[in-house]
Amino acid sequence: MIPQTATERVTLEVHHEISQFLFREARLLDDRLFDEWLGLLAEDIRYVAPVRLARMPREQRKEFEPEGGGAHFDDTKEDLAQRVRKVNSGRAWSEVPASRTRHLITNVEVEPGDEPDSYRVMSNFFLYRTRSATYQDQFAGGRRDLIRRRSGDHGDLELARRTILLDQTVLLGNNLSVFL
């Protein structure tokens with residue numbers, strides 16, 4: 001939802017700070033600094049990618065599975081930490097050889113959240129992944145994030161919720177072992 005009144009807007013400084021947070025997150029993922037990436041996540045994070053369904057135009061609001069329905073993943077911080085441990089072990093078959101990724105984050109919109117020092121953030125992403133000599137994937141979509149401050153005195157930001165809305169209804173990649 002785009003803010004309609006001046007009281008619903010965030011300052012340019014807050015928008016810039018949150019944009020930089022998202023860009024840093026993308027760099028950490030592309031540089032495979034997964035442990036540092038985990039440090040950006042709230043302890044109570046929910047990281048979910050609901051399945052997208054092909055629907056008739058009149059049913060467009062039912063295009064994504066509802067909360068608790070089918071999802072490509074629906075992870076907590078411990079789930080994400082376990083995925084990171086597996087990738088870092090070198091024994092994750094889906095990451096041997098390791099994926100090389102490039103995350104592009106665009107169209108960042110920020111509005112105040114429902115709680116103090118929280119923000120609803122909408123952005124688009126494009127992820128290019130290559131592995132080995134011929135394996136390539138592309139994922140595109142939108143993200144709906146809840147980002148909040150760790151402390152009320154202008155502390156560090158943390159990602160508290162991410163809903164990933166993939167553009168594809170059928171994922172053509174062999175796996176979804178990367179973080180979106």
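This is a predicted model: local features need pLDDT of at least 70, side-chain atom pairs count only at pLDDT 80 or more; totals for chains, interfaces and linings use all residues.
Reader: Okay, which residue does Asp44 pair with, and how far apart are the closest N and O atoms?
Author: Asp44 forms its salt bridge with Arg148, and the closest N and O atoms of the two are 2.4 Å apart.

Reader: And where do those two lie in the sequence?
Author: Asp44 belongs to strand E1, which covers residues 41–50, while Arg148 belongs to strand E5, which covers residues 135–149, so the pair ties together parts that are 104 residues apart in sequence.

Reader: Is Arg148 buried or partly exposed?
Author: Arg148 counts as partly exposed, because its relative accessibility is 23% and buried would require a value under 20%.

Reader: What about Glu111, which partner does its side chain meet?
Author: The side chain of Glu111 meets that of Arg120 in a salt bridge, with 2.7 Å from N to O. Glu111 is buried, at a relative accessible area of 3%, whereas Arg120 is partly exposed, at 29% relative accessibility.

Reader: Then Arg129 and Asp137, are they buried or exposed?
Author: Arg129 is buried, with a relative accessible area of 0%, and Asp137 also counts as buried, at 7% relative accessibility. Their side chains meet in a salt bridge of 2.5 Å, N to O.

Reader: Which residues are joined with them into one network?
Author: Through salt bridges that share partners, Arg129 and Asp137 are joined with Arg32 and Glu95 into one network.

Reader: Switching to strands now: how many residues of E6 are buried?
Author: Nine of the 10 residues of strand E6, which spans residues 157–166, are buried, so this strand is largely enclosed by the rest of the structure.

Reader: Do E1 and E6 run parallel or antiparallel, and how many bridges join them?
Author: Strands E1 and E6 run parallel and are joined by four bridges. As for individual positions, Val48 stands opposite Thr163 in E6.

Reader: And E5 with E6, parallel or antiparallel?
Author: Strands E5 and E6 pair in the antiparallel sense, over nine bridges, and Arg149 stands opposite Leu157 in E6.

Reader: So which strands does the Asp44 bridge tie together again?
Author: The Asp44 and Arg148 pair links strand E1 with strand E5.

Notes:
Residues are numbered from 1 along each chain as its sequence is written. Side-chain values use heavy atoms; hydrogens and water are left out. A salt bridge is a side-chain nitrogen of Lys or Arg within 4 Å of a carboxyl oxygen of Asp or Glu. Buried means under 20% relative accessible area, exposed over 50%, partly exposed in between (1.4 Å probe, protein chains only). Two strands pair if DSSP finds at least two bridges between them.
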